[in-house]
Amino acid sequence: MDEPLASPATAVGTDRSIARIVDNLGAVVHAPEETLRLTVLCLIAEGHLIIEDLPGVGKTTLAKALARSVDCSFSRLQFTPDLLPSDITGVNVFNQRSNELEFRPGPVFANLLLVDEINRASPKTQAALLECMQEDQVTVDGHSYELVRPFMVVATQNPVEYEGTYPLPEAQLDRFTMRLAIGYPPLADEARMLTEQTVDEPLESLQSVATGAEVMELVERARGVFVEESLNRYVVALLRQTRHDERLYVGASPRAGIALLRVAKALALAAGRDFVQPDDVKAIAGPVLAHRLMLAPEARAAGLTATRLVDDALEHTPVPV
């Protein structure tokens with residue numbers, strides 16, 4: 001018989017570690033707790049996050065608060081049409097003293113990289129993120145450089161303003177583990193936020209509640225969470241349900257299934273369990289799968305959304321007993 005992943009005391013400690021980071025984010029970002037929780041789970045699942053929402057709701061603040069909460073290095077890139085791939089990855093510069101080329105690392109060499117308005121840069125520049133998001137490395141002039149861990153890309157984009165933008169290709173969207181929205185805060189929270197931001201900005205005094213090493217420990221523990229074979233088959237059946245849906249032009253890829261299971265493991269870990277339940281998969285299916293689906297023209301005309309079709313796929317996929 002396999003030994004349990006953790007003792008009850010360790011499991012409770014893990015649960016509190018994740019909750020502590022979530023609470024720390026909540027002290028700065030007035031967003032639904034579930035959104036903050038999913039952001040932390042994305043980090044523990046070694047994933048990348050795209051936040052798609054209106055300007056001024058706290059997308060950039062959330063990324064900064066996450067970096068400060070886990071005491072990790074942070075870089076920010078404002079994507080613009082004139083940005084070059086070398087502005088992201090770095091470039092080789094000739095050193096006249098040593099008579100050699102020296103590599104000058106770009107902003108991507110950080111634990112958390114915020115890419116603001118990712119759809120405003122050209123496709124050539126957007127593609128500079130593909131290798132680092134998938135393989136945790138950057139290749140410049142034939143030489144590969146490993147990125148630091150944990151490594152996470154948090155990208156933002158405006159869902160209503162498309163003039164002068166370049167929509168992300170499916171290959172890049174598929175590399176983002178989750179897509180989230182923050183939304184407007186409730187009236188009381190928004191009123192309190194006005195006082196906070198005009199007197200003493202909370203982000204400036206935010207203290208870290210975890211180290212990078214502790215985050216990596218959570219990452220390794222999440223990797224070790226047990227998944228029964230029937231649950232693997234359930235995830236595959238869910239993916240195939242989207243591929244066979246005539247309302248979808250493109251369904252979920254195998255990479256989507258890997259991301260779904262990784263986040264489900266992180267969710268189980270946060271709940272203090274050493275195994276994944278079907279409810280874990282159901283709980284995060286929408287944020288993980290919806291942005292990867294391409295709706296057929298007829299479905300768009302009918303007013304359907306990708307999230308609605310994910311819910312339909314969950315309803316039509318038998319749950320393992």
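Predicted model: local features only at pLDDT ≥ 70, side-chain atom pairs only at ≥ 80, totals over all residues.
Residues are numbered from 1 along each chain as its sequence is written, and side-chain values use heavy atoms, without hydrogens or water. Local features need pLDDT of at least 70 and side-chain atom pairs pLDDT 80 or more, while totals for chains, interfaces and linings use all residues.

**View 1. The largest pocket.** Here about 510 Å³ of space is found. On a 1 Å grid over the protein atoms alone, a pocket is an open set of points where a 1.4 Å probe fits, with protein on both sides within 12 Å along at least five of seven lines; lining residues have an atom within 4 Å of a point. Volume is the space filled by probe spheres set on the points, joined across faces, edges and corners. Among the 21 lining residues, Glu52, Leu173, Arg179, His291 and Arg300 are closest to the centre.

**View 2. The second largest pocket.** This one holds about 380 Å³. Its lining has 22 residues, and those closest to the centre are Glu46, His48, Met133, Gln134 and Arg262. Helix 11 gives the largest share, five residues (helices are DSSP runs of H or I, at least four residues, and strands runs of E, at least two, numbered from the N terminus).

View 3. His48 sits in the loop between helix 2 (33-44) and strand 1 (49-52). With a relative accessible area of 2%, His48 is buried (under 20%, 1.4 Å probe, protein chains only). Its contacts, meaning heavy atoms within 4.5 Å, include Cys42, Met133, Phe151 and Arg175, leaving out residues up to four places away in sequence.

Terms used:
Buried < 20%, exposed > 50% of the residue type's maximum accessible area, 1.4 Å probe, protein only.
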